[in-house]
Amino acid sequence: MKKMSEENGSVLILKRVYFSDITYTYRVENQKQKMEYLFDFEKQIEEISENIYRVSLTCRIEDSDKEIELNIKEVGEFECLEKDEKIRHTILNENAIAILFPYLRSQICLVTTQPEQLPISLPAFNIISLFEWVF
């Protein structure tokens, strides 16, 4: 019997996704109409067993006055069946990150949507191009 991934041609399978760290600090004394934020993203990929990889996407957000700080780390566990090392590297660095990013955007908005606060809502953008530009 073939694995489902072999039947449909998928070599990357998301097995599990979770948030391992969320820290949110809000020290705003007077509500502001508009906030300006600084964003920092990091990614990390590690092989945890044969064909199983832990992919982490971390986002740090703070406002220009350092009254708001959010640190959030998302972890996805993927099975990657690609045999070619170069292709596997690309799949994990691009496809896995792109799969995780919408979950991260949603969690950021969920955590920051509180009474008397303006939620942080990241626009949809190509997270891969951000890492290509930064690194």
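The legends below describe close-up views of one predicted model. In this predicted model, local features need pLDDT of at least 70 and side-chain atom pairs count only at pLDDT 80 or more, while totals for chains, interfaces and linings use all residues. Residues are numbered from 1 along each chain as its sequence is written, and side-chain values use heavy atoms, with hydrogens and water left out.

**View 1. The sheet is open and has 4 strands in the order 1-4-3-2, with antiparallel pairing.** Strands (E, at least two residues) and helices (H or I, at least four) are DSSP runs, numbered from the N terminus. Two strands count as paired if DSSP finds at least two bridges between them. Strand 1 and strand 2 are at the edges with a single partner strand each, so one side of each has no neighbour in the sheet. From one strand to the next the twist averages 15°; angles run from 0 to 180 degrees between N-to-C directions, and axes are lines fitted to C-alpha atoms, for helices over the stretch in contact.

**View 2. Strand 4 pairs with strand 1 over 13 bridges and with strand 3 over 11 bridges.** Both pairings are antiparallel. Phe19 has Glu74 in strand 4 as its bridge partner, and Thr58 stands opposite Lys73 in strand 4.

**View 3. A salt bridge joins the side chains of Lys15 and Glu79, at 3.3 Å from N to O.** Lys15 belongs to strand 1 (residues 12-26) and Glu79 to strand 4 (residues 68-80), so the pair ties together parts that are 64 residues apart in sequence. A salt bridge is a side-chain nitrogen of Lys or Arg within 4 Å of a carboxyl oxygen of Asp or Glu. Lys15 is exposed, with a relative accessible area of 51%, whereas Glu79 is buried at 9%. By this rule the model has 7 salt bridges.

**View 4. Strand 2 and strand 3 pair antiparallel over 12 bridges.** Asp40 has Arg60 in strand 3 as its bridge partner. Arg60 also forms a salt bridge with Glu42, and their closest N and O atoms are 2.2 Å apart. Arg60 is in strand 3 (residues 52-63) and Glu42 in strand 2 (residues 37-49), so this pair ties together parts that are 18 residues apart in sequence. Arg60 is partly exposed at 29% relative accessible area, and Glu42 is partly exposed at 37%. Glu46 and Arg54 form another salt bridge, with 3.5 Å between the closest N and O atoms. Salt bridges that share partners join Asp40, Glu42 and Arg60 into one network.

**View 5. Helix 2 (residues 85-112) lies across strand 1, strand 2, strand 3 and strand 4.** The helix runs at about 140° to strand 4. Tyr103 is in helix 2 and is partly exposed, with a relative accessible area of 41%.

Methods: Buried < 20%, exposed > 50% of the residue type's maximum accessible area, 1.4 Å probe, protein only. Contact = heavy atoms within 4.5 Å.
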